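Welcome! Take a moment to look over the sequence and the 3D view before reading on.

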Amino acid sequence: MESLSIAVIGAYGVGKTQFIRTAMSLPPSSKPQAPTADPKTMTARIVVDNVPYSVALIELDLQYFESEYFDGQHRQVKWPTQMNGTILPRVHGVLFLYDVMNRESINYLPETLGKSLT
């Protein structure tokens, strides 16, 4: 079976958990969850053109990404290889989420989107 890993990244409170639960056809959670340093992963099996896939959605808070200057002027986001001792799997795609009603939730996205993840 083929497998795909997709990171769902955003600031605290933008709806990452709700997005993942909806994408996985799960009921909404009954109460807000406190942020954790550990990545949260939900996996589902789907079939596309008669080919089964295992799809993992990995919830990651934007605050755990570091950036550094690579030429003195431009910042580049460093993709974490592990979080709180948990090794992150190879990621095939990334979804960035933000809250359109909360300017703070988008502050670091232009920086992140403007550079390649390493």
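Four strands make up an open sheet with mixed pairing, in the order β2-β3-β1-β8. β2 and β8 are the edge strands, each with a single partner strand, so one side of each is left without a neighbour in the sheet. From one strand to the next, the twist averages 25°. Strands here are DSSP runs (E, at least two residues) and helices likewise (H or I, at least four), numbered from the N terminus, while two strands pair if DSSP finds at least two bridges between them.

Please keep in mind that this is a predicted model, in which local features need pLDDT of at least 70, side-chain atom pairs count only at pLDDT 80 or more, and totals for chains, interfaces and linings use all residues. Residues are numbered from 1 along each chain as its sequence is written, and side-chain values use heavy atoms, with hydrogens and water left out.

**The chain as a whole**

- The protein chain has two helices and eight strands.
- Read from the N terminus on, its elements run β-α-β-β-β-β-β-β-β-α.
- Of its 118 residues, 28% count as buried; buried means under 20% relative accessible area, exposed means over 50%, and partly exposed is in between (1.4 Å probe, protein chains only).
- Among contacts between residues at least 6 apart in sequence, 58% join residues at least 24 apart; a contact means heavy atoms within 4.5 Å.
- The chain exposes about 7900 Å², and carbon and sulfur atoms supply 52% of that area (Shrake-Rupley method with a 1.4 Å probe; for residues, only the protein chains shown count as cover).

**Strand β3 and its partners**

- Eight of the eleven residues of β3 are buried, so this strand is largely enclosed by the rest of the structure.
- β3 pairs with β1 in the parallel sense, over nine bridges.
- Within that pairing, Ile6 has Leu57 in β3 as its bridge partner, and Ala7 has Ile58 in β3.
- As a general point, side chains in a regular strand alternate between the two faces of the sheet.
- β3 also runs antiparallel to β2, and nine bridges join the two; here Arg45 stands opposite Ser54 in β3.
- β2 and β3 form a hairpin with two residues between them.
- Asp49, in the turn of that hairpin, has a positive phi of about 50° although it is not a glycine.
- Asp49 is exposed, with a relative accessible area of 72%.

- Which residues of α1 (residues 16–23) are buried? They are Lys16, Thr17, Ile20 and Arg21.
- These residues lie on the same side of α1, because they cover an arc of only 130° around the axis; the arc is that of the directions from the helix axis to the C-beta atoms.
- The buried residues of α1 pack against β1 (2–10), β2 (40–48), β3 (51–61) and β8 (93–97).
- The direction of α1 makes about 170° with that of β3 (axes are lines fitted to C-alpha atoms, for helices over the stretch in contact, and angles run from 0 to 180 degrees between N-to-C directions).

- Ser25 lies in the loop between α1 and β2, and its phi is near 55°, a positive value in a residue other than glycine.
- Ser25 is exposed, with a relative accessible area of 67%.
- Leu26 is in the loop between α1 and β2 and is partly exposed, with a relative accessible area of 33%.
- Leaving aside neighbours within four places in sequence, Leu26 is in contact with Arg21 and Met42.

**Salt bridges**

- The structure holds two salt bridges, each being a side-chain nitrogen of Lys or Arg within 4 Å of a carboxyl oxygen of Asp or Glu.
- One joins Lys16 to Asp61, with the closest N and O atoms 2.7 Å apart.
- Lys16 lies in helix α1 and Asp61 in strand β3, so this pair ties together parts that are 45 residues apart in sequence.
- Lys16 counts as buried at 3% relative accessibility, and Asp61 counts as buried at 8%.
- In the other, the side chains of Glu59 and Lys40 meet at 3.5 Å, N to O.
- That pair links Glu59 in strand β3 with Lys40 in strand β2, 19 residues apart.
- Glu59 is buried, with a relative accessible area of 10%, whereas Lys40 is partly exposed, at 27%.
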